[in-house]
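Hi,

Here is the structure we talked about. Please look it over, then read my notes below.

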Amino acid sequence: MQVYYLEFFVVALGLVMLMVDAFAKLQDKRSLARLGILGLGVVFLLLFAVQSPSNAASPVWKFYAAPDNLSLFFKGVALLTTILSLVMAIDFAPIVLSKIAPPDQGAHPQAGLGEFYSLPVFVCAGLMWMASANNLVSIFVSIEVVSITFIILAGYMRRNVGSLEAGVKYLILGALSAGFLVYGFAWLYGITGSMELGPITEALAKPGVNSTAAMFAFSLILVSLAFKLGAAPFHIWVPDVYQGAPTPITAFLSVGSKAGAAIVTLRLVYPYLTSPVLGTKALAILVVIAILTLLLGNLGALAQKNLKRLMGYSSVGHSGFLIMALASTSYPGAVNALSPVAVFAYYIGAYLLMTLLVFLVLNVLNAADTGETLDSIRGLAKRSPFLAGILLIALASLAGVPLTTGFIGKFLAFKIALDAGQWMLIAAALIGAAAGFYFYLKIAASMYLDAPSSSDGAAIPVNLLTKVSMVILAILILLTGIVPNVIVKLFS
Amino acid sequence: MSTLEFLVSLPLIAALAIALGAPARCTALGASVLVFLTTIYCAINYNTSIEDFAAWQFESARTVLDMPGIPTISLAFGLDGISVVLILLSSIVLLAAVLAAPDESKVQGNSRLYYLSLLLIGGGALGAFTATDLFFFYAFHELALIPTFLMIGLFGRGENRIRTAWTITIFLSVGSLILLVGLILLVIKLGAQTFAIADLIALAQGQGIDAASQNWIFLLLLVGFGTLVSLFPFHSWAAPAYAEAPTPVTMLHAGVLKKFGLYGLIRIALPIVPDGFQHWLHLLLILLIGNILFIGLVTIAQRSLDRMLGFSSVMHMGYIFLGIAAFNTMGVSGAVLLMFAHGLSIAALFALNGALRDRFGDLTFRRFGKLGKSLPRLGLLFGFATFAAIGLPGFANFAAEIPIYFGAFDGDASGMNWLRWATVGALWGVVISAVYLLRAYRSIFMGNAPKVRLDDAPDMLLREMLPVILLIAGLLIVGFSPEVLNQYIRPTVNGLFLLSAG
């Protein structure tokens, strides 16, 4: 099977969902989400049926990379994230419905819910395309497919000020970042005379390249990518949008959007890093961004009281570790050296498992109207030992406790920085990791050691699909913490 | 699945089963009995005729991470003579701790979590002592530490328990972090392609690490491992934590988990950075004398049993460090044997401490007296455990301390040097421990009539005595016939010094 059929299937699935929503007169629109989960699950299995291209001469490969394990891995990440976000969206339905306009007389009582389930599928198609985009045009278009849909989704709860604020912030800053990206691309085209990444890489490696212009293009592109990755100093939107957006969308944004941005960053920044002329300059900028991101993300999280906001800062902190790996690229790379691509891929895989697990729990708490502040999970272990246990595993992994997948991710990031001798980076990362240890485990301690905040001691209900997803993610976190090869073999 | 994989996964699987709804106490007991039998099986089938350090038996390995640029990580297990002794210690104390744990109905809070955590601590300790890959050696120890912190905060006694839990968490996490830095530097400096401990030792035999780096690495390892073992002056977490933790957790931590740091020094530091060890020997001797004499005097000054036992456990670590500092066959063998003996005796003392606390609450010495008359069984067992801890002949502690003193005095035969002065100082520790332990025994079980109410304080039941009897039996068997364990220790420690002789 040709690799680009995967995106066709996903787009077709999204269209089918819209049609079903419009014409099938569903009693309960949550079935749409189940349809989406099923369809995406089938596409996920099809990932393993992808063959190498039979029509190598076809012009399609000029804007869409031939499949390799890395791009398939990121497509898998996009699919899994979407599936789990839809799982969350099922639980979240009552809150969305209560925060959008009440339906007109005679309309379906769940009017407006169908699109909440269909739009993520289109985002998924965009994210999967990003993983294969190898041409400036297709990179830009795939990024915009994702961004525009996210703007709608972030502001979906239109009777809720926080959600609206999130939507507007994401809209304005997203548009600004798109502007930077296009302008950067224009310069890049002007310097290299090509839209394709292959020729661009070659052109940038030539000794005669205009380095001032090339670095100007690099800075413009980096501003935009840093915005998408949530890297300092362009991370200011992250906490606000994460807090305001509906929880399933926050989860989707934090993992899906970051994974897409990560692969695009790899593809766009790598030509610079491997260029003998521009490599050291690009590296210096990345080191500064990595240090800032590590410190601002992890230290900023220390003061947070809202869990979604805290996860926003945590997401920034994890971007810091990603960029640290990229900033430790050494050129010319030794044959047997640890590749930043591998660290990136592993870190994203690990980040997916642990972040989505945290959001699955937060989503259940949201849906049970427990609130999303740190106070609201005090004594959770007494009330819902299952949820507390699951959250403990996720938090331990985010903090980087050994035998969890998060430890391996941090271990790889530190190792590559050590190999590169980036001592400033290591110092910043140590401070970040120590702060992370403190604020993640503070949540865990509050769940287990503090007295419950409310007198309502009834266990929080968790439906079966959510429970199964939680258990699978928790097992994967521990399994890949002990046997990291499970993830490594997928992308190498 | 190999024998050791079975051994390590057994408590972890049992913990999972409890989380999923199996009856907590039954499952935990069943698992710890099976663990005990499996370690006996390993000990019986261990071939004691191989004279080599880190020559693993019952070996198994599975590669879990191979990536270009990263030393290969394997989930690998194996036993040599030292680890045989330590898994015996772990399984005996685990069984005793589970036996000594309160019934499910008497646990204040979630009883599943209680038993599950005990099994995780036990499984982590077994994993750390059998792992032959540096990565898992470290990771399993962390696995055992985290439930320890949680248990102190959740099920500990006293109003300060949350604060105590944070103190021990911060101390031991920072210690582990320093240790991690030391271990990573060690692997990088060796230029190793794997994390297998045997490979690292082989590399150290070849080119090895330059002397300046060895000094740094050993210092990091000493502080890291030392914090975990409560080496003076990194000991201040220990006494309050042991006094306030639930009884089985104290038994497991003071008895088993704390030995990880000492095991690490013998397993990693001595063979790989011997020059660093020699460089910091004087510092180590000063610190261990701090453990024995300074902490010994602090122990005498304690006014309640639980804190006295906590400090005494800190103090006795000094002897084991002395055995390691001797750096000869006799001293190190004694140190390994004392790790076993101290583990059993301190676990027995804390079990009895728990029995007293269940009956009377506050354990201040002033409130007690003459209990021997009304609680004769408790008094008898407490007497045995006390004698063992002092190191009277007939108990394993004696059989271990004697070679430590002889080994340390012989360690450096050039006149009255640092090592000999330290040995002379350490001998006074025997007097100090006799003073505080016998005084504790007198003030509780003899003397004036007690101020506590005796009406609702029955003597020990068989169920309570069982774990203590198990521990004391172990101490007596090894005490009367140290060869039971020395047959494992000797060839391995000989191997260690064959290594360092080149």
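**What I found**

E7(A) sits in helix α1 (residues 5–23) of chain A. Helices here are DSSP runs of H or I with at least four residues, strands are E runs of at least two, and both are numbered from the N terminus. Note that this is a predicted model: local features need pLDDT of at least 70, side-chain atom pairs count only at pLDDT 80 or more, and totals for chains, interfaces and linings use all residues. Residues are numbered from 1 along each chain as its sequence is written, chains are lettered from A and ligands numbered from 1 in the order in which they are written, and side-chain values use heavy atoms, without hydrogens and water.

Back to E7(A). At 9% relative accessibility, E7(A) is buried. Buried means under 20% relative accessible area, exposed means over 50%, and partly exposed is in between (1.4 Å probe, protein chains only). Leaving out residues up to four places away in sequence, E7(A) touches Y64(A), K75(A), A125(A), M128(A) and W129(A). Contact means heavy atoms within 4.5 Å.

Next, salt bridges. In chain A, E165(A), K169(A), D240(A) and R309(A) are linked in a salt-bridge network.

Chain B has these, among them:

- R463(B) and D103(B) pair at 3.6 Å, N to O. R463(B) is in helix α20 and D103(B) in the loop between α3 (81–100) and α4 (111–130), so the pair ties together parts 360 residues apart in sequence. R463(B) is partly exposed at 33%, and D103(B) is partly exposed at 28%.
- R357(B) bridges to D306(B), with the closest N and O atoms 3.8 Å apart. This pair links helix α15 to helix α14, 51 residues apart. Both R357(B) and D306(B) are buried.
- R359(B) meets E464(B) at 2.8 Å, N to O. That links helix α15 to helix α20, 105 residues apart. R359(B) is buried, at 14% relative accessible area.

Last, helix α18 (residues 396–410) of chain B. It has 15 residues and spans 22 Å from first C-alpha to last, close to the 21 Å expected at 1.5 Å a residue. The expected span is 1.5 Å times one less than the number of residues. Its buried residues include N397(B), E401(B), P403(B) and Y405(B). What covers the buried residues of α18(B) includes α14, α15, α17, α19 and α20 of chain B.

Best wishes

Notes:
Salt bridge = Lys/Arg side-chain N within 4 Å of Asp/Glu carboxyl O.
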